[in-house]
Amino acid sequence: MGSADSKLNFRKAVIQLTTKTQPVEATDDAFWDQFWADTATSVQDVFALVPAAEIRAVREESPSNLATLCYKAVEKLVQGAESGCHSEKEKQVVLNCSRLLTRVLPYIFEDPDWRGFFWSTVPGAGRGGQGEEEDENARPLAESLLLAIADLLFCPDFTVQSHRRSTVDSAEDVHSLDSCEYIWEAGVGFAHSPQPNYTHDMNRMELLKLLLTCFSEAMYLPPAPESGSTNPWVQFFCSTENRHALPLFTSLLNTVCAYDPVGYGIPYNHLLFSDYREPLVEEAAQVLIVTLDHDGATSASPTVDGTTTGTAMDDADPPGPENLFVNYLSRIHREEDFQFILKGIARLLSNPLLQTYLPNSTKKIQFHQELLVLFWKLCDFNKSSDVLDILVPILYFLNDARADQSRVGLMHIGVFILLLLSGERNFGVRLNKPYSVRVPMDIPVFTGTHADLLIVVFHKIITSGHQRLQPLFDCLLTIVVNGEGPAPPSAGSPPVSPYLKSLSMVTANKLLHLLEAFSTTWFLFSAAQNHHLVFFLLEVFNNIIQYQFDGNSNLVYAIIRKRSVFHQLANLPTDPPAIHKALQRRRRTPEPLSRTGSQEGASMEGSRPAAPAEPGTLKTSLVATPGIDKLTEKSQVSEDGTLRSLEPEPHQSFAEGSPAKGEPSQAWREQRRLSSPSASGQWSPTSDWVLSWKSKLPLQTIMRLLQVLVPQVEKICIDKGLTDESEILRFLQHGTLVGLLPVPHPILIRKYQANSGTAMWFRTYMWGVIYLRNVDPPIWYDTDVKLFEIQRV
């Protein structure tokens with residue numbers, strides 16, 4: 001039958017379904033088979049031929065027919081899984097049912113009255129009165145559907161290569177088949193890379209699309225951190241009920257991490273061969289991150305000894321729902337498995353950075369946001385390792401997206417990952433590595449280390465990003481503080497040895513420019529938390545002066561040149577008229593931060609300026625992120641290099657450190673009390689409030705440095721009539737402050753800690769990305785999603 005005829009027949013069946021007011025019996029195969037038996041419709045056809053309005057009309061006016069349609073489609077998938085789909089006809093029926101369910105499920109989820117339907121055991125349609133009330137029938141429809149999809153994803157000659165040599169052999173028995181021998185791609189726990197097969201990839205993709213649609217019930221519930229956060233579809237699919245959990249987890253992970261979009265390194269190769277692997281890889285990445293959406297704060301990750309990753313846990317399972325996908329990810333421990341995953345993710349994240357010498361010569365992938373979520377999960381549930389491979393691409397994305405309102409979620413996840421990594425003991429040491437990769441980025445040219453790159457990009461985000469990034473400033477500066485402390489030695493070695501780093505002159509000027517911008521009176525007085533940023537920057541300067549003075553003559557020189565900023569801070573006015581005057585000045589200059597005086601310098605060759613979003617770009621809303629005191633937990637580096645967690649003291653202010661886990665900070669309440677809400681209900685600064693934190697500004701070390709060095713530098717300038725920086729820098733390089741500075745303060749590291757606020761943020765971000773990226777077909781478009789709002793820039 002021609003495809004035009006089959007579309008016509010399919011459309012006729014849909015019209016019949018929407019116009020029948022009487023329930024159609026489940027046993028009326030002649031009617032139901034029209035939907036899947038002899039049609040050859042693509043998923044795009046199904047979306048076009050089954051309009052949203054008609055699905056909703058059936059749902060409202062003849063619910064029993066919609067129930068029967070779902071029940072019969074699931075039944076066909078179960079039969080296909082049972083039989084092993086040997087004939088072409090059976091394969092076609094499975095694909096058609098899969099497409100139809102992908103189309104209909106979102107409309108079941110958007111109606112709260114229908115949400116329990118798939119979890120009921122006896123579908124509303126009944127079973128045609130045949131009295132077969134056996135035990136199998138007691139399984140909820142959702143479970144039957146999920147198990148059928150799992151079986152079909154390892155179905156020989158349909159989604160995996162058959163291992164049979166001849167047609168004489170009987171087909172593999174689906175029930176005895178060991179799916180671990182049919183993993184889709186070599187990598188973790190599997191050494192054999194099967195022959196690529198276009199049809200198998202397409203069939204897998206259709207089934208994964210349906211699986212993702214099943215999981216997407218989460219999109220139809222409003223964000224609520226208390227909601228126990230377990231998605232029943234994911235929970236069942238990732239439980240021991242699914243006998244394919246391990247091979248499927250491995251297949252998805254390996255398919256993503258082994259993917260090479262460059263195509264054998266031949267330029268323009270992707271223009272000659274259409275890459276059918278990419279859609280499968282995208283789908284696999286999306287299914288993988290959704291199965292791993294598990295509140296890390298509530299689960300301790302189990303450890304595993306010496307066995308290969310491919311073994312399920314032998315000991316008794318911990319109580320509570322055990323998500324096997326999270327379990328497997330947390331137990332990967334072989335170095336070669338780690339390298340495979342990290343190299344794969346780093347290679348894919350670096351893909352846009354390779355688009356340099358020959359325009360459009362390599363294929364540009366679009367699923368970097370899914371990869372960042374996957375990398376986050378790896379760090380959260382397992383461990384992170386060599387960070388520099390990931391650091392450069394993340395800084396590239398942050399710099400590129402800084403002006404784009406529609407990519408504010410990407411900015412957040414990039415910063416969260418860097419915050420997580422910056423709590424690692426060797427983060428600062430790694431940053432010290434020279435930066436030689438010259439990726440064209442819209443930043444000033446500099447010669448230096450990865451630390452320079454990080455600070456220069458952060459400066460660019462703060463001074464020329466859009467307004468909605470301001471909540472991230474705390475995080476950005478926390479990362480710099482964590483990165484600029486000395487390298488803690490391994491436990492048991494001598495006391496913390498200063499790790500000689502050297503910031504470039506460009507970077508030193510950027511840090512001082514940030515301090516200048518953050519310490520203007522209007523900025524300090526215009527919001528209750530703005531002074532935190534000054535505390536962070538002073539902490540960076542103090543760490544470097546106390547522990548890495550040698551080698552940092554550029555920064556010391558910049559501090560001396562900008563010494564007036566420190567004197568202004570020390571003499572910050574606190575009287576009401578001065579506060580009032582500062583705020584008046586702000587009303588005249590709405591500019592977020594002064595961009596003058598930062599000596600921008602030319603951007604790198606070949607770079608394009610960061611562009612704002614095209615008007616009309618769709619974006620999804622995000623929930624607010626927790627403050628830095630909730631996001632991190634403070635630890636002190638003790639003399640033997642070990643980290644000791646700091647419990648907050650009763651009257652602890654920001655200057656001495658943020659409170660640890662979720663305690664309402666007394667100092668914070670104190671500050672709220674000191675600053676009075678004005679008549680309009682808006683916050684306004686008071687003298688007492690300014691005094692409460694001004695007295696804690698850690699300026700002693702810097703003031704002492706200025707007191708000792710400024711007269712000496714001035715003397716050199718007078719004696720030698722100097723206008724030349726190099727002589728002064730040479731003097732500072734050989735100078736020393738040993739014995740002249742106050743006793744060094746303990747180094748503080750603020751480590752990221754999981755909490756329900758970030759878990760909820762990741763859930764809304766992840767589903768927002770998935771919603772916007774699935775446009776062909778547009779699975780969730782125009783349905784009543786509750787987890788986020790769809791907005792236009």
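**A helix pair and its neighbouring loops**

Helix 5 crosses helix 7 in the left-handed sense, meaning that the near helix is turned anticlockwise from the far one by less than a right angle. This is a predicted model, where local features need pLDDT of at least 70, side-chain atom pairs count only at pLDDT 80 or more, and totals for chains, interfaces and linings use all residues. Residues are numbered from 1 along each chain as its sequence is written, and side-chain values use heavy atoms, leaving out hydrogens and water.

Let's look at that pair. Helices are DSSP runs of H or I with at least four residues, strands are E runs of at least two, and both are numbered from the N terminus.

Now follow the chain out of each helix. C85 sits in the loop between helix 5 and helix 6 (88-109), and its phi is near 50°, positive although the residue is not glycine. C85 is buried, at 1% relative accessible area. D157 is partly exposed, with a relative accessible area of 45%. Buried means under 20% relative accessible area, exposed over 50%, and partly exposed in between, using a 1.4 Å probe and protein chains only.

Across the chain, 55% of the 793 residues are buried.
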